[in-house]
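Dear colleague,

Please find below the structure that I am passing on to you. My findings follow it, arranged by topic.

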Amino acid sequence: MMAEIQCRNCGKFNPPELIKCQFCQLPLSAMDDEDETIRPGQVPTKKVTAELEPILPQWLREAREKSRKAAEEEAARQAAEAEQAAANREAPPDLLAGLEAQSHRDEEDEVPDWLAGMQKTSHKADERVETYPRRQEIRWEEEPSETEPEEEMGGLVSGPQTEVTFDESGLPSWITGGPAEREEKETPAPARDERPVSPFDTGSFRPNTGELADFLPEEPAPPPAPAPTAASEGNLPDWLSNLPPADQPGGKTQALVDTGSLDMGSLLSGELPDWMTNLDTASTPSEAAPGVAGKSDAFDLPADLPDWMKATSSADESKPAQEERGAFLSPMPPSEEIPQPPPVPSSPAFFPGMEPLGEEEVGELFAAELPDWLSNVAPAEPKHEPQAAASPLAPGELPSWVQAMRPVETVMPQAQAAPATPSGPAEQQGPLAGLSGVLPILPGLGPAKRPSAYSNMLQASEDQQSNAALLEKLLASEIEPKPLAASSSVVFSQRALRWTITIILLLLVTIISLSGSQVTPPPNLPGETFAAITTINAIPNDSPILIVFDYEASLSGEVEAAAASLIDNLILLHHPRLTLLSTSLNGPALAEHFMKTTQSQHAYLPGTNYVNLGYLPGGAAGVLGFAEAPRVVMPHTLNGTSVWSLPPGQGINTIADYAAVIVLTDQAESARVWIEQAGPLINGKPMLLVTSAQAGPMLQPYILSGQAAGLVSGLAGGASVEQAAVRPGLSRGYWDAFGLTLLIVVLMIFIGSAWNLVVGIQARMRGEA
Amino acid sequence: MNALIGFGIVLLAALLLLGMTLLRRKSPPPVFREIAAFTRLRRAAGLAVEDGTRLHVSLGRGGLQSARGASALAGLALLRRLAEQASGSDRPPVVTSGDAALTYLSQDTLESAYRAAGAVELFRAETGRLSGLTAFSYAAGTIPLARDENVSASVLIGHFGPEAALLTESAERENAFVLAAADEPATQSILFASVQDPLIGEELYAAAAYAGPEASHAASLQVQDILRWLVVLALLAGAAMRLAGLP
Amino acid sequence: MNRPFAAAIAIAIGLIVLLGYFLPIPVLSVLRLELVQWAILLAGIAALVGIFNLISVHWQKIRRRERGSFYSAVLLLTMFVTLALGLLLGPAHSVMQSLVESVIIPVEASLMALLAVTLVYASIRLFRRRVDLMTVVFLLTLLLILFLSTPILSGNLSGLGDLARSMANTPAAGGARGILLGVALGALTTGLRVLFGMDRPYGGK
């Protein structure tokens, strides 16, 4: 059984087959990946976080988008700079431009041959860079600053030129490095004596002091460069920038530069990395220069030497050390002529037991197989190496989310900006161990431009900041305690108002109804009601009449009161055979209730004088079906007996066989259904409507169009029918209570609305104030 | 003759609807005029999902066998959108209706919405309820819902009578957002007095178009506009003919 | 049932009923009448099944002891008692009739009375809810119509009743009719959407 997977987020255990944590829903595999934090020397992996974007807030997505655009613009800019740099390679490099200027000052019409050939060399160096990147070789031509030639050359340009030996092309052999070097590869040892003696061989080499005699003596020495660490700071990643500044105690780099006269031995003694220390111990004195090749065999190269070191060792073992260093160095003044720098007291703590080297030892060291870049720019190299070695920063492990956020482009801007160095030598030590091309240039030799500063702070536009502020405000408002929508006093006042209204209405209606008051005058007889009375009067005796009960029990009081007088007159005058039909669920019971309560004086019997068909389902379709085929749609009564064999149903085959259709409804919609569905099928027979007061006005068009023969609407309609028939009934009994209560309601609404309007206006004015 | 005129109107509307729907599918979604009620409804529905309260949709008691059924169908279209939006809520939306057939259609609509949202396993049939078969029994069955089911947004859309005032009153007592739309003019006047966000007139039938980008819904609004202009022209022509003494 | 198949059936039946309503074709009329009969039957069955839904919902409330489950129990108890009586005695029995007259009608009438109180209360507080032109117009119209409809005034002052009636029948009914026209157009397009399967409340879309 596989072990359970512990979620890194919530710490709970999950079955191994799960991909996501069953508790926090975060992916478990991703958590496994998180174990692979960035370690020193490991190239950060650019993670794809685009799939997370949809769940990000809008402002964050916009920020990411802007960051993306900025990165693209930066890349484009760097690419353009790289192209510009390539173009500069075609043109005379800046360094040569300075030389040209110097030559102009010296009224020299032509550039010396060796300088002209220098360009070839540089091209050759470029070619080498393609496959074997040497940072200083790549960059030194590109240096745009005219004030830094010495530093570009590691101070070597200031050296004396009197003893420089030249090859057949006029260039010093250290610059051309060509035929002699190639020849050396074929015939290692014999050509060695023909070369000038390297200052390394004599131990008189003084690197990068600035006090060395200029090998172009006409040119005044440029002012001392500012602190190299500061100059190079811009090219350094943050972790390097955070190291103690050079002017602070312990800033060894500053000490090295400022002293200027520090000899290589003391320099290396204190700052050499391990692999160089090993070289030191394995090397032999420089006096035995001719025997260097032989001694190189004695080198016990450490196993962890970088590849390029091994390659150099194997390829150049037989090469004389002088050639590696350049013959021009041989006539350098002896070290005694140069002020001695203060001795480095001791080796740093992280190189236990390592003592400063003497000059001879330094010479031995450089007699060994050092790479070109180290030979040429040895003074510059320690500017960083010691810092890296002495960095108090412990190798950190970055969590994956930091890794994901780490902008690779900003970490290695120069690596991308230099297309000629797709890969570089991997760093072997320090926090960058294992990284290739992370340190693309060395300070002083690279371009002096300061890359864009990338702040650790979130760079957000004003819009994004405003959005973020809005989000903060929303989040804050979420947790703020909200006052209740209505305070207890407001709730109490609302309830009190409801109860007040209820009590007033109940008391009024009850008292007036029980008193039997008839003080209010009866309503006028509307025209549609008069038409309904006329229609009723015109119905033949003993004719079948269909009465539709389509109202709810809640409105039965109003509709029954409105219809009672009309049906009473109908029965009283013509003794019709009634068919009761309902299109509401409670309709059959309401129909029975109507006949028993309002028409009880006529002693109409079910099955004999009237028949209750019951509930007609189906809405408009049911109405239409009944109008077309009543015998099919409603074959039985509520008791289950056959309707159409009973006296009220005899002779009825279609709805047109009824002498009249009376619809009792509380909604205009129901009346409209009957008018529209059954009206066309009644063949001109009258259809009368008895409705509630709310539906009356909506049915006026059907009265005007003649689709309905008459309308009795609400209590007023019923009361007017009673008034016309001179038979007081329900409507007249309700009429006083209705009228007086309505007046009180009008007053309550008027006073209450006026009060609320004033209060509302006052509240608004207070709010504005 | 009247039947043929009616058939012509229906045929015209059908052709317009089909044509407009096809055109709508190829064009960007239209911009409707702002109706504050729908804006608040979207917010209230989102808040209901966020704070774990319930969304209540009341479809009224318009039976499908009558002309009232059209308002119920419009309510179902809106329900579909809302249910899809609220399907991920801890408390799924509850739907009440006063007609049995409408209840089953509401359940079917809810299930379709959950399926479309990929959460069909969260669908519960009892969230589509029949509250009562008469007006006030429906109101009586629905009123306790706002208090018992932790409803924060209540949507009344369909056919209602005056009993709608009781429903809105109960919902507002629970401080719930209420959007109300009815097809009856009398009910609309009641809702105007009792609801903060009433929909007047045919705005009820625009609810689905405001709630979602369905092409047919936008097209049906355009068809309504075209037909409305035709009706206006017909009324003016009829009035002019009557004034001119023509039959 | 397969949902596209159900949609096809629904669309076909809708078209048959629609065409049978407008076009005087005998075959279509017969088909329409038959289908309408089926619809009536299904509507009755749906009401029965809907009652079972009502029972199910309230039973769940009782089982979970949710808030208000006591009233659900009362509802289910009275429902079963009424059903049993109706099955035993028949719907036209006097006991069933008295149940309607003594329970349903008073209860619903009481709710109607409560509605009257609610509407008065809502009208009073309308200016608390919103203050705009339409609200002012609404309240003024309401007060004017109610005032003119008061029997004491309309009966004693001749012409006031007619004025109120004309206001109700002309501007109010005209506006309401305009609303109804819009509602009818909305209903037409909504029905057509369902008929063409663009909206399928019966599932599938």
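**Chain A: overall make-up**

In chain A there are 34 helices and 8 strands. Please note that this is a predicted model. Of the 769 residues in chain A, 41% are buried. Among contacts in chain A with a separation of 6 or more, 76% are between residues 24 or more positions apart.

**The sheet of chain A**

An open sheet in chain A is formed by 6 strands, in the order β5-β4-β3-β6-β7-β8, and its pairing is parallel. At its edges are β5 (610-615) and β8 (710-713) of chain A, each of which pairs on one side only. On average, neighbouring strands of this sheet are turned by 15° against each other, with direction ignored.

Strand β3 (residues 544-550) of chain A runs parallel to strand β6 (residues 660-665) of chain A, and 6 bridges join the two. Opposite L546(A) stands V661(A), which belongs to β6(A).

**A residue in helix α26**

N537(A) lies in helix α26 (residues 527-537) of chain A. Is N537(A) buried or exposed? N537(A) counts as exposed because it has 11 C-beta neighbours inside 10 Å, and the cut-off for exposed is 12 or fewer. The C-alpha atom of N537(A) is separated by 7.3 Å from that of L570(A), although the two residues are 33 residues apart along the chain.

**Contact between chains A and C**

Here 49 residues of chain C are in contact with 51 residues of chain A. On the side of chain C that touches chain A, at least two residues each come from α2 (26-63), α4 (94-124), α5 (126-129), α6 (133-149), α7 (151-156) and α8 (160-195) of chain C. The most is given by α4(C), with 15 residues. By class, this side of chain C holds 31 nonpolar, 12 polar and 6 charged residues.

**Contact between chains B and C**

This contact takes 56 residues from chain B and 51 residues from chain C. The elements of chain B that give two or more residues to the side touching chain C include the helices α1 (2-26), α3 (69-86), α4 (100-116) and α9 (215-243), together with the strand β3 (128-130). The side of chain B that touches chain C divides into 34 nonpolar, 13 polar and 9 charged residues.

With kind regards

Definitions and conventions: Residues numbered from 1 in each chain as written. Chains lettered and ligands numbered in written order. Predicted model: local features only at pLDDT ≥ 70, side-chain atom pairs only at ≥ 80, totals over all residues. Contact = placed C-beta atoms within 7 Å. Helix = DSSP H or I, 4+ residues; strand = E, 2+ residues; numbered from the N terminus. Nonpolar A, V, L, I, M, F, W, Y, C, P; charged D, E, K, R; others polar. Pairing = 2+ DSSP bridges. Axes fitted to C-alpha atoms, helices over the stretch in contact; angles between N-to-C directions. Buried ≥ 20, exposed ≤ 12 C-beta atoms within 10 Å, placed from the backbone.
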